[in-house]
Amino acid sequence: MSKKWIIPPAPPADFISIHPELPPIVARLLWNRDIRTPELIDEFLNPDYTSDIHDPFLFRDMEKAVAIIFEAIQNQKNITVHGDYDADGVCASTILVNTLLALGAKPFVTAENMEGTRVFLPHREIDGYGVNKNTVKHLKEKHKTDLIITCDCGVSNLEEIKLAKDLGMRVVVTDHHAIPSAMPPADAVIHPKLPGETYPDQGLCGAGVAFKLAQALLQKHCPATEGKTATGESCEGFEKWMLDLVAIATVGDMVPLIGESRTLTRYGLTVLNKTKNLGLRELMINAGILDENGKQKRGPIDTHAVGFQIVPRLNAAGRMDHANTALALLMSEGVEEAKILAEQLNKNNTDRQKLTDQILTAAREQIINSDQKNNPVLFAFDPSWPTGILGLVSGRLKDEFYKPALALGLNADKEIVGSGRSISEFNLIEALQSMPEYFLKFGGHPQAAGLSIKDEQTLEKFKSAIMARAETLLTGVELVPQINIDAEVNLEDVNWKLYDLLQKFEPFGMNNEEPVYGARDLTLISADPIGQNGKHLRLMVKHNSHTVRKTIAFGFGDSNRHPSDWKKNLKPGDKIDLAFTVGVNEWNGNRELELKITDIKKTI
């Protein structure tokens, strides 16, 4: 589907004159990102851990949460950290349980007595998202849990948390998902988006919120212990060595990479590049990011490596089997154990890729054969589809057809479970919140949500309701995928100086996407399929009759992802416009600039 190029106007002259120290392209990128005051510019270009990280006690309920947790630690009560099965939830759980143990919480000793401080991660198909009543009963009866601390979930679990309270447990919720109409009766809720919340940054991911709780616990504990944890580590060092997990979760959960999240991720990437976490090191060796000696193979680890190589492998555990494998990897204390777990996650990820492609093909055929292409919302359902793949499938359907899409299957209880992805023009979680009567459970964000439905009859009613809502909201709206072009350039201006300027904008992510450039009136010299089944294209192009550049168009040789079938429709001599990002390709000690194509427009 052809994309609409959005090219914002250049910043006004007075902005340029106020900041003469900024190169024009940097000034333009800052202006486009609404970073326009000296304070915001300095925080963005020069994030500082000491001044740009907020006091965790600015959270309204933080004092209360810390008091509850320390009471449990001091009395050696049984604490369960209830996380989620994605990379954000697993990283958040690791941060919290390690912090609790470092501060003297009752350790988990053996599987037989089932007590102590431990993590519970739900099984995607058996337990579903968030806290459920069976889990609450299990934690009380089998683990004798006194305190539940949720991370990356819990804010939508009113009935489940009420049950926990009725069973005599205390509950601290840490979460960042959409706020429900009725809040759960937890003893404390740490959530940046709560109405009336006093914390200044709403953009933290689940692990970011968990990290703020860990920070608060360390701040309360360490002044009385000469800056040491209960295990003898430096409190400052213990805190900062957890930042690699915060960075992974922030990139993986696609929260805005601005404000505090940007600072945490910038420093987290520094930590990740020298991580002490044995599991992460083995995972990165297995993924080809590091060599067998733990040395970087392609330069510093950045958000691209995190988002495309580390996060998918952590997520694959919960998609294909159980997220406990990812948790065990992040908490592993021996190299051999870490190697085995990393290999398992790598296999899970490979299996996940194959299964996703199979189900996507079936879902696409289902949509086309049922003549849904004119519907405002797309649905694909098969009882045999594993629920762990549904989010990936709905995301690919959304990208291909540029419409809200939901993929659905059955869980272990024969309930219909779905995962949806939406376009920017349609707020999915608001739609679900407007019709709660159809769901057993739901939650999520404006462009990504999950739900469960009792039966197919209810599913049909839900389909009608959400399509009616989408019809109303999207009537008259031009549904064309857009691509933001930061600046139009000549290819001769794409050089190492430009690349070096871009490094100030790292780390890239949501709300700070990697800059995209546009170049018009290029002449195509060649277009060669490369990679498995020719899914990618290597384009040689000429600009202004003399500048010849090599570019890479990932996925543009796949006719399913690109119906234009660029492999057949591009030929030497064609005039094209290209949108691209600028990166570096490194191999055998060589470095060259690499133009990565994000869109192609054929003009002649």
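A residue counts as buried when its relative accessible area is under 20%. The legends below describe close-up views of a predicted model.

**View A. Phe 439 and Phe 442 form a tilted aromatic pair.** The ring centres of Phe 439 and Phe 442 are 5.2 Å apart and the ring planes meet at 55°, so the pair is classed as tilted. Phe 439 has a relative accessibility of 11% and therefore counts as buried. Phe 442, with a relative accessible area of 22%, is partly exposed. Both residues belong to one aromatic cluster, which also includes Phe 379, Tyr 438 and Phe 462. A search of the whole structure identifies eleven aromatic pairs.

**View B. Five strands form an open, parallel sheet.** The order of the strands is S3-S2-S4-S5-S6. Strand S3 (118-120) and strand S6 (188-190) are the edge strands, each pairing on one side only. From one strand to the next, the twist averages 20°.

**View C. Strands S2 and S4 pair in the parallel sense.** Four bridges link strand S2 (residues 79-82) with strand S4 (residues 147-151). Within this pairing, Ile 79 stands opposite Leu 147 in S4. Helix H7 (residues 158-166) packs on the sheet, where it touches S4 and strand S5 (170-174). The direction of helix H7 makes about 150° with that of S5.

**View D. Two arginines lie over aromatic ring faces.** Arg 36 is placed over the face of Trp 31, at 3.6 Å from the ring centre. Arg 262 lies over the face of Phe 44, at 3.7 Å from the centre of that ring.

How values were computed. Residues numbered from 1 in each chain as written. Predicted model: local features only at pLDDT ≥ 70, side-chain atom pairs only at ≥ 80, totals over all residues. Heavy atoms only, no water. Pairing = 2+ DSSP bridges. Helix = DSSP H or I, 4+ residues; strand = E, 2+ residues; numbered from the N terminus. Axes fitted to C-alpha atoms, helices over the stretch in contact; angles between N-to-C directions. Contact = heavy atoms within 4.5 Å. Phe/Tyr/Trp six-rings, centres within 6.5 Å; stacked < 30°, edge-to-face > 60°. Buried < 20%, exposed > 50% of the residue type's maximum accessible area, 1.4 Å probe, protein only. Lys NZ or Arg CZ within 6 Å of the ring centre and 35° of its normal.
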